[in-house]
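User: Before I rely on any of the labels attached to this model, I would like to see what stands behind them. Please take me through the terms and the values together.

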Amino acid sequence: MTEDTKKDNGKKQIEIPDTLPVLAARDIVVFPYMILPLFVGRDVSIKAIDHSLNTGKMILLLTQKDPNVEAPSLDDFYSVGTVSMIMRVLKLPDGRVKVLVQGLSKARVVKFSQQDPFFIAEIEKIEEESLIVMTTEHEALTRNVKELVNKTVSLGKTMLPDALVVIKNIDDPGRLADLIASNAGLKPDQAQEILEMSDPIDRLKRTSEILSREVEVLTIQQKIQMDTMGEIDKTQREYFLREQLKAIQRELGDADDRAEEIKEFKKKIEEAKMPEKVMKESEKQVRRLEKMHPDSAEAGTIRTYLDWLTELPWSKSTEDQLDIKVAENILNEDHYNLEKIKERILEYFSVRRLKEKMKGPILCFIGPPGVGKTSLGRSIARCLGKEFVRMSLGGVRDEAEIRGHRRTYIGSLPGRIIQGIKQAGSNNPVFMLDEIDKIGMDFRGDPSFALLEVLDPEQNNSFMDHYLAVPFDLSNVMFITTGNLTDTIPGPLRDRMEVIYLSGYTEEEKAEIAQKYLVPKQLEEHGITSKILKITATAIRQIISHYTREAGVRNLEREIANLCRKVAKQVVEEKAKRFRITKNTVHKYLGVPKYLPEEEMKKDGIGVATGLAWTEAGGDVIYTEATTMKGKGNLTITGQLGDVMKESAQAALSYVRAKSKALEISEDIFSKVDLHIHVPAGAIPKDGPSAGITMAAAIASAFMGKGVRRDVAMTGEITLRGRVLPIGGIKEKTLAAKRMGIKTVIVPSRNKKDLSDLPKYVKDDMNFVLAETMDDVLKAALCRSKNGPKTKKSTKNSEQ
């Protein structure tokens with residue numbers, strides 16, 4: 001396409017008739033002075049060309065609005081087109097016609113005079129507006145458009161060299177706009193817009209806008225291409241360098257890394273002795289890896305997966321050591337007392353010795369902190385000669401922590417169960433799931449229900465981890481769980497476990513544990529020998545009673561460690577070479593005692609009763625106060641009590657009012673005074689069903705004016721009829737009373753069976769009153785008069 005350089009200088013202009021046949025053009029707009037070939041195939045267009053050849057060779061080229069329309073109607077044409085001269089016609093073998101045309105002038109369709117067998121239109125010629133004066137602005141616009149053309153070409157736009165030469169030498173704005181529009185590859189609607197403009201400056205401005213937009217697009221396109229080519233060049237360069245490196249290695253005699261890697265995986269799969277299903281999956285993944293590019297992301301994922309499959313102990317197991325005497329010695333060496341728990345563990349060893357293949361029990365140790373739950377698991381592993389794995393479940397909220405993530409996720413890994421098995425290096429370790437009562441849940445799932453499969457002997461022989469996607473046999477694993485409470489463990493999960501309760505230690509037990517285990521351990525950890533530091537038994541008891549108050553021995557160990565640090569400092573400062581800590585010198589190292597006997601315990605008080613409560617840290621002593629004042633019979637309850645304790649207070653008051661005559665209390669007094677019940681330590685929430693008889697005793701004492709014996713503690717729930725109902729935690733509560741120096745404890749008669757769990761020396765040192773009704777409680781707890789306690793002795797139960 002180029003401009004016709006043979007201008008009509010001085011020659012007679014060609015006369016254009018008013019009626020011309022129409023040739024429909026698709027995807028192209030023809031401009032005046034433009035020469036181009038057209039390929040015509042439609043019958044209607046071929047007939048229009050034949051008619052034109054017979055009547056002056058002129059034809060009107062109109063562009064279709066929609067190029068996809070095969071049989072256009074009158075509305076499918078633009079109204080402005082170009083009158084063109086047919087210069088040459090060539091018929092092709094496929095029936096089409098190749099026509100060479102030259103644009104002469106713009107023309108507008110007035111109307112179509114014929115539609116069949118081809119279109120004939122009446123036209124009016126559009127005269128080109130002449131530019132009177134070429135101003136500086138016009139010249140600047142012309143130069144700018146020429147520069148934009150050059151820039152588009154430099155950015156990769158294709159344009160014929162002949163057209164570029166003509167564009168460079170032409171100065172007429174209208175002709176320049178038409179020439180650029182016809183050669184710049186514009187969209188048909190853009191080219192048509194320029195064709196329909198009669199003002200040459202407007203056409204040139206519009207051409208400038210289109211070219212500017214094209215320059216922006218080409219600049220961005222070039223930048224994208226350069227970035228892409230840069231990445232491609234980098235990848236290709238790395239590939240060539242790696243290939244060269246491999247060629248060098250082959251020349252030097254080094255093995256092919258990739259082949260060596262595949263060979264290594266196959267060897268590991270064979271050595272792992274996997275189950276058949278797992279082996280098939282492993283071999284499948286090796287074949288996939290062999291076909292992949294070694295540097296692809298998926299190849300790295302498969303390598304990690306194969307590493308996990310080949311490193312898991314599918315067939316590796318440790319042989320159990322089932323010598324009962326050795327196991328018993330180890331348990332006694334590691335733990336003091338805990339006879340029932342040791343007996344249950346030895347029973348398990350005995351059954352394993354008689355039957356090698358057995359579905360192991362899931363033991364669940366429940367007890368307060370610091371009583372040795374986790375260390376029991378270590379001792380069991382030591383007895384059996386097995387590996388020990390511990391996993392803390394506290395705060396775990398994601399199911400994937402147990403079952404693992406699917407391999408579709410980036411950075412996915414197996415769950416912590418499979419990770420623990422790999423860490424152990426055998427398929428039959430002792431696996432401890434610590435803090436099972438503190439599992440959480442959120443939108444990612446409930447881990448406690450994922451544990452159902454793990455802790456079910458009927459199901460865990462084919463545990464399916466999401467990452468591995470192949471079954472792993474957990475039936476040989478001995479699972480042990482620990483927790484402080486059973487209330488927060490879901491029922492289905494609790495049902496799969498054998499719960500063994502560990503109570504708190506007595507003062508005597510703590511003293512023995514300190515002497516046998518804690519003191520030697522801390523001396524060793526602080527680099528102190530027994531010759532340098534000697535802690536007497538009375539000093540240890542002083543630490544237990546005045547510096548700790550707990551069910552376990554963690555704080556006791558901390559205080560002993562604190563004492564060792566003080567001594568170590570003085571040894572380094574050479575203040576002394578030997579130290580002997582006694583009851584009277586403990587405070588020099590540990591400071592003033594943290595816990596002192598309560599003031600209420602030194603004398604009998606009216607309206608003050610000593611109750612016993614169960615906490616996560618073991619048992620505790622709790623005081624209940626009741627006082628009366630002038631009023632209208634209102635009841636006030638303070639001390640941040642829960643609903644259960646508030647209801648117990650209401651029931652206790654109702655019982656006292658109902659029994660007022662038997663208790664020698666005036667019936668009118670209840671409407672004349674207000675009653676206030678308070679449980680000290682008001683900042684600590686309290687609730688539970690075992691404070692009923694304590695509140696009833698305090699209320700009865702307040703109304704009767706008789707004191708409650710200071711050496712009596714009590715626990716139990718009360719009914720409106722005065723019956724004393726059984727409660728739990730007898731051992732923990734009894735130990736709490738013993739720690740406080742209380743010798744007499746009132747318990748429900750139906751809890752007599754629980755007294756057998758108490759150590760013999762505790763039962764021998766304590767006096768238990770078995771109460772069936774509230775009358776039994778008041779007889780044992782209230783003083784005979786304001787000035788002294790009752791003389792009638794409490795009945796010791798036969799279990800002492």
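Analyst: A contact means that heavy atoms lie within 4.5 Å. Among contacts in the protein chain between residues at least 6 apart in sequence, 74% join residues that are at least 24 apart. This is a predicted model, in which local features need pLDDT of at least 70 and side-chain atom pairs count only at pLDDT 80 or more, while totals for chains, interfaces and linings use all residues. Residues are numbered from 1 along each chain as its sequence is written, and side-chain values use heavy atoms, with hydrogens and water left out.

User: How many helices and strands does the chain have, and what counts as one?

Analyst: The protein chain has 25 helices and 26 strands. Both are DSSP runs numbered from the N terminus, a helix being H or I over at least four residues and a strand being E over at least two.

User: Why is cysteine 383 called buried?

Analyst: Buried means under 20% relative accessible area, exposed means over 50%, and partly exposed lies in between, with a 1.4 Å probe and protein chains only. Cysteine 383 has a relative accessible area of 3%, and therefore counts as buried. Cysteine 564, at 0%, is buried as well, and so is cysteine 783, at 2%. Over the protein chain, 46% of the 800 residues count as buried.

User: How do you know that cysteine 383 is in no disulfide?

Analyst: A disulfide is a pair of cysteine sulfur atoms within 2.5 Å, and a search of the whole structure finds zero of them. For cysteine 383, the nearest cysteine sulfur is that of cysteine 364, and it is 20 Å away.

User: Where is cysteine 783 placed?

Analyst: Cysteine 783 is in the segment after helix H25 (774-781).

User: Why is helix H23 described as largely enclosed by the rest of the structure?

Analyst: Helix H23 covers residues 730-739, and eight of its 10 residues are buried, so it is largely enclosed by the rest of the structure. The buried residues are Ile730, Glu732, Lys733, Thr734, Leu735, Ala736, Ala737 and Lys738. Glycine 741, which follows H23, has a positive phi near 80°.

User: Which residues other than glycine have a positive phi, and are they buried or partly exposed?

Analyst: Among them is tyrosine 33, with a phi of about 65°, in the loop between strand S1 (19-25) and strand S2 (35-40). Its relative accessibility is 35%, so tyrosine 33 counts as partly exposed. Glutamine 640 has a positive phi near 55° and sits in the loop between strand S19 (635-638) and helix H21 (643-658). At 43% relative accessibility, glutamine 640 is therefore partly exposed too.

User: What joins aspartate 116 and proline 117?

Analyst: A cis peptide bond joins the two, with omega about 10°. Proline 117 is in the loop between strand S5 (97-114) and strand S6 (120-126).

User: Are serine 545 and alanine 551 buried or partly exposed?

Analyst: Serine 545 is in helix H18 (residues 537-547), and because its relative accessibility is 26%, it counts as partly exposed. Not counting residues up to four places away in sequence, serine 545 touches Glu507 and Tyr595. With tyrosine 595 the C-alpha to C-alpha distance is 7.4 Å, across 50 residues of sequence. Alanine 551 is in the loop between H18 and helix H19 (554-572), and at 2% relative accessibility alanine 551 counts as buried. Alanine 551 and lysine 386 are 165 residues apart in sequence and 30 Å apart in space, C-alpha to C-alpha.
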